[in-house]
Amino acid sequence: MSIRPKTRRCSVAMTALAIAGVLALGGCAPEPGSGSAGGDADVSEKVLAIAEKQFADRDMRAAIGLVLEDGEVIAEFALGESMTGVPATLDDSWRNGAIAIGYLAIALLRLAEQGVIDLDEPIDEYLPDFPDADTITPRQLIMMTAGVPDYVPDESFEAALMADPFRAWESDELVAYGIAQPRVFEPGTNWDYSHSGIVVLGQVMERAAGKPLAEILEEQVLDPLGLQRTFSEQTAAIPEPVLHGFTAERGVYEDSTYWNPSWTLADGAVQTTTVADAAASFDAVIGRGELLSTDSYAQLIGTELVGFGEILEGCRTCHMLDDRFAYGMGVFLRGDYVAQTPIFGGYAGAVVTLPASRAADGTSLTIAVVVTLKEDAVEDWTGSLPNRADELAIQIATALRPDQAPPPYPEGR
């Protein structure tokens, strides 16, 4: 189901730069540089220099980024091309992947606040036939501790996906690939990243709220945040202007922009966005606790899972979570920072936020970046692909907050 915005529109008379800006809660965006921090030309030059160096060193086709402090734009860049002869722009749309898992967590917490769902009651009320439904809870699903086997690493699923990247997938098909694999740990006893668990959570939320997930996300997150360019779309459609993605995962370097993304997440949480929307949403909610009660916000970015988990044989990402790499609710914890780093289908993205409550100066910082790569940028396109957007975002955060730098993404995780 596709959900389009109702009246979330700014004046067409706004300049292109203003459209690229953000507002934390609704309305239209401030001009870049409208705040005191944004007026610092040195900051913009520093960020641009970092982006330009990485763009060249990492053989990027395109790199687009936006940096916010307390909701105000302090730097932005758009380098390279979307397609040959077509410049990349700040307004380009791209697939946000796991960034939407953060939105799922926000929506879930708001539904809990509204008494629609209990985070700690088993899901058998909604999915009575699902394995271990009498034990698994919504909290475990969003925190990746439910132990639902992930369909993405399954060889038969990967083969089907690569054979036909334009195929439209149904939620039940995806979950079936997951639960056909042996469970490697009991619910609540370990941590493992699971797309299957997120698809199941989407089904649970729909049944609890009595409406499609895309509608839930629009009502609970997209509309309240005034996100102008974030849409749920289960097909391969992507709004213009489009940042084109490119990959060689199938053995030939090709345009993968219109590969069908329906396999990636729960039906209704498959989205497109812009760097402005991605940055605005994380800076508002993750950075400053907008939309949520104090208790819900603490749960969203809580460190409960630091020190939790262990490596288990046969488990793709089971391991001990630590203060360099842990998980909150739908978001990764990287030291004092909170992040999501999607990479699939020719796109690499990252949104990295230092919450105001954890910042030494009490000011939130958010960096949103999306990049695409040239063919020579990766030696083995069939292996574990590097997320150059995350690498760039971390470098920018380190340059702007050198005394409170985020740790890099740990290798092998």
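**Entry 1: helix 6**

I began with helix 6 and looked up its cover: helix 5 (155–163) and helix 7 (195–209) are among what covers its buried residues. A reminder to myself that this is a predicted model.

Which residues of helix 6 are buried? In this helix, which runs over residues 171–179, I noted Ser-171, Leu-174, Val-175 and Gly-178 as buried. These residues lie on the same side of helix 6, because the arc they cover around the axis is only 95°.

**Entry 2: aromatic pairs**

Next I went through the rings and found 14 aromatic pairs in the structure. I picked out Phe-157 and Tyr-177, an edge-to-face pair with 5.4 Å centre to centre and 70° between the planes. Phe-157 belongs to helix 5 and Tyr-177 to helix 6, 20 residues apart, and the pair links distant parts of the chain.

Are these two residues buried or exposed? Phe-157 is buried, at a relative accessible area of 1%, while Tyr-177 is partly exposed, at 23%.

Phe-157 also pairs with Trp-263, and here the geometry is tilted: 6.2 Å centre to centre, 55° between the planes. This pair, too, links distant parts of the chain, with Phe-157 in helix 5 and Trp-263 in the loop between strand 7 (254–255) and strand 8 (271–273), 106 residues apart. I have Trp-263 down as buried, because its relative accessibility is 14% and the cut-off is under 20%.

**Entry 3: nonpolar cores**

How many residues does the largest nonpolar core have? I get 93, and the residues with the most contacts inside this core are Tyr-103, Ile-142 and Leu-300. Helix 3 (residues 99–113) gives the most to the core, 11 residues. Apart from this core lies another, with 35 residues, including Phe-55, Met-60, Leu-365 and Val-369. In soluble globular proteins, nonpolar side chains tend to be buried together.

I then listed the partners of Leu-300, leaving aside neighbours within four places in sequence. Leu-300 is in contact with Ala-105, Ile-106 and Leu-109, with Val-285, Ile-286 and Leu-292, and with Gly-328, Met-329 and Val-331.

**Entry 4: a loop residue**

Where does Leu-291 lie? I located Leu-291 in the loop between helix 9 (275–288) and helix 10 (294–300). Leu-291 is buried, with 18% relative accessible area, which puts this residue under the 20% cut-off. From Leu-291 to Leu-225 I get 8.1 Å, C-alpha to C-alpha, for 66 residues of sequence.

**Entry 5: the whole chain**

Last, the overall numbers. The chain has 11 helices and 14 strands, and 59% of its 413 residues count as buried. Among contacts with a separation of 6 or more, 70% come from residues 24 or more positions apart. The chain exposes about 15,800 Å², of which carbon and sulfur atoms supply 51%.

Key:
Residues are numbered from 1 along each chain as its sequence is written. This is a predicted model: local features need pLDDT of at least 70, side-chain atom pairs count only at pLDDT 80 or more; totals for chains, interfaces and linings use all residues. Side-chain values use heavy atoms; hydrogens and water are left out. Buried means under 20% relative accessible area, exposed over 50%, partly exposed in between (1.4 Å probe, protein chains only). Helices (H or I, at least four residues) and strands (E, at least two) are DSSP runs, numbered from the N terminus. The arc is that of the directions from the helix axis to the C-beta atoms. Contact means heavy atoms within 4.5 Å. A nonpolar core is a set of buried Ala, Val, Leu, Ile, Met, Phe, Trp, Tyr and Cys residues joined through side-chain atoms within 4.5 Å. Accessible areas come from the Shrake-Rupley method with a 1.4 Å probe; for residues, only the protein chains shown count as cover. Rings of Phe, Tyr and Trp (its six-membered ring) pair if their centres lie within 6.5 Å; planes under 30 degrees apart count as stacked, over 60 as edge-to-face and the rest as tilted.
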